[in-house]
Amino acid sequence: MHTVIYILASALCCSFLQTHTHAETLPRGPRSAAHQFVLTSQDDLLPSLEAELEQLRKDFRAPGMSVAIVHNGETILSKGFGVKNDMGEPVTENTVFSIASMTKVAFTSFGVASLVTEGKLSWNTPINQYRNVRFHDPVVTERATLLDLLSHRTGLPRHDPMAQIHKCGDAILDRLQHLELTRDLREKFQYSNLMYLLAGSIAGNTSTFGTWESLTQNTILNPLNMTSTTVHIPSVPHQPDYAEPYIVLPNGTAVRIPIEINNVMNSEAPAGGIGSNAVDLAKWAKMLLNRGVVDGRRMVGEKEFDMLMRPHMVLDEGRIFPQEESYTSYTLGWNIKHYRNHLTLSHGGNLIGYTSHICLHPDSALGIIILTNALISMLPETLCRVIADRIQLPHLPSPPWRDRWLAIQNSIWEILKRRREERERGRVKGTRPSHDNIEAYAGVYEHAAYGRIRVRVARDGHDRQPRLKIGDRKKKGNEGVNTETVSRHWHYDVFMFENVEYPPWAPKELVGGMLIAFDVDVVRGGVSALRHMDLEPALEGGVVFRKVGGLEVEGGANEAVVGPVELLFRDAKELVGGV
């Protein structure tokens with residue numbers, strides 16, 4: 001869970017209690033009678049629980065959801081709620097959703113573990129022995145291991161727009177050496193989809209199957225008979241039963257989003273490329289709760305399974321609900337903590353229009369899977385806790401999870417609005433750019449990883465005043481509208497670039513723009529570079545693109561066109577948690 005959610009949630013809590021995180025793994029063997037939980041009869045529990053889940057779906061305004069609950073090796077609930085499209089067709093237990101970063105949890109990391117079991121990979125061998133890869137820091141190039149990649153501790157921040165610019169995973173990985181790191185190796189947890197792309201690539205290439213997709217299909221999906229699960233995002237809408245993506249706007253209205261918007265994630269599929277349903281994921285959860293054993297066959301070695309499920313990196317963002325939850329650590333794809341004294345492993349997933357979550361409670365053999373077709377939704381977080389309380393602690397009062405998480409969900413847009421307002425307050429009024437002639441800022445700028453930005457001058461506004469422009473109105477971007485943005489002077493040599501058009505599902509009042517600062521050569525006086533301040537927020541000085549010439553420069557690197565709409569939804573997904 002991200003720091004801003006922690007700050008907000010902590011303000012909602014009345015006090016903090018001291019708890020400790022224990023380095024535990026999944027329990028071994030059958031539980032003794034003393035550790036068996038006294039549960040309400042399922043015949044009594046499920047009807048009332050289903051009604052409660054449906055009411056919570058309505059309260060959180062999610063169009064549809066699918067829920068799977070496994071307990072003691074059995075699927076006790078697999079059911080759809082709400083609708084999957086504008087035609088009002090119902091969600092069922094077979095409806096396929098994009099599960100986003102849940103892909104990391106036991107598909108990519110589990111695939112790596114299977115190869116460690118076979119002796120083809122090692123957790124602690126430097127990855128440069130498996131793939132020719134270089135980082136910006138030579139120390140990371142020399143020492144980074146699969147454990148570092150899978151526990152988000154390489155020092156590399158997210159750099160998520162790389163997937164929108166380069167449509168091929170290898171093209172992204174070949175450019176890693178040009179992406180700045182913001183921490184030393186193993187210094188700090190920094191979530192990185194690119195590192196799961198790298199781990200998945202190494203696993204696929206090392207295996208006999210050749211690709212991550214084929215490895216996942218043959219070592220996980222086929223043995224578990226997960227026949228409705230796909231490893232290709234673009235194939236989700238080709239499933240016979242799938243959910244369309246939606247966004248819940250600030251006014252509470254759910255608006256459908258073009259499903260193709262998420263195809264860009266296919267370039268980093270090991271980080272979030274899987275689509276699945278409640279039926280298949282219940283099979284997956286049962287295997288995990290059985291410590292990697294299915295039908296008497298062990299899918300990974302016991303030592304490797306323990307490595308997957310034990311803490312490797314402590315998260316330093318505090319506790320959201322300190323009265324009920326301990327501090328959180330990160331395993332190889334899982335968040336691990338104690339929830340009301342029960343060991344819990346969980347992970348969420350977010351793509352534009354989808355929010356999902358899985359929670360495992362191994363000491364009570366309980367697994368919970370929530371899939372929704374809504375962006376900006378805290379419903380999965382809520383349901384995981386409500387279901388755990390109803391099954392594990394039926395005789396104890398449950399905390400007010402609905403009210404807590406609704407308050408957080410309702411604050412997401414407010415947080416984004418406040419960020420825009422704070423940026424506006426930081427603007428220095430009454431300044432002028434170094435060059436009176438705006439043509440001085442035009443040209444082609446290049447970054448070795450991100451590609452090129454072409455800055456033009458145009459006079460096609462209503463006032464015919466010259467403005468800087470980035471993008472081409474004839475080209476469609478990932479946000480489904482033209483990629484063109486126009487500038488207004490911000491302060492000094494900084495300009496704000498804003499969309500020319502907005503898709504109907506994007507909240508225009510919150511989109512804001514992209515701040516781009518131009519560097520002036522102190523000797524020659526010309527413009528030498530631009531700094532994109534919004535591509536990677538962890539870089540305080542922005543992503544620097546060097547000027548390589550005038551607009552006559554053609555060919556070469558990809559166009560690094562990522563619009564304000566895409567950046568807004570990147571920020572929104574990060575607030576909710578996940579890809």
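Which residue in strand 11 does S329 stand opposite? S329 stands opposite I336. The model is predicted, so that local features require pLDDT of at least 70 and side-chain atom pairs count only at pLDDT 80 or more, while totals for chains, interfaces and linings use all residues. Residues are numbered from 1 along each chain as its sequence is written, and side-chain values use heavy atoms, with hydrogens and water left out.

The pairing of S329 belongs to strand 10 (residues 329-330) and strand 11 (residues 335-339), which run antiparallel and share two bridges. Strands here are DSSP runs of E with at least two residues, helices are runs of H or I with at least four, and both are numbered from the N terminus; two strands pair if DSSP finds at least two bridges between them.

Aromatic contacts come next. Rings of Phe, Tyr and Trp (for Trp, the six-membered ring) pair if their centres lie within 6.5 Å; planes under 30 degrees apart are stacked, those over 60 edge-to-face, and the rest tilted. This rule gives eleven aromatic pairs. In one of them, F321 and W401 have ring centres 5.0 Å apart and planes at 70°, so the pair is edge-to-face. F321 lies in the loop between strand 9 and strand 10, and W401 in helix 14 (residues 401-425), so the contact ties together parts 80 residues apart in sequence. Both F321 and W401 are buried, a term that denotes under 20% relative accessible area, with exposed over 50% and partly exposed in between (1.4 Å probe, protein chains only). Ring pairs also link F321 and W401 with Y339 and W405 into a cluster.

A tilted pair joins W505 and F569, at 5.6 Å centre to centre and 55° between the planes. W505 lies in the loop between strand 19 (494-499) and helix 15 (508-511), and F569 in helix 16, so this pair ties together parts 64 residues apart in sequence. W505 is buried at a relative accessible area of 4%, and F569 is buried at 1%.

Helix 16 (residues 564-576) has 13 residues and reaches 18 Å from its first C-alpha to its last, close to the 18 Å expected; the expected span is 1.5 Å times one less than the number of residues. Twelve of the 13 residues are buried, so helix 16 is largely enclosed by the rest of the structure.
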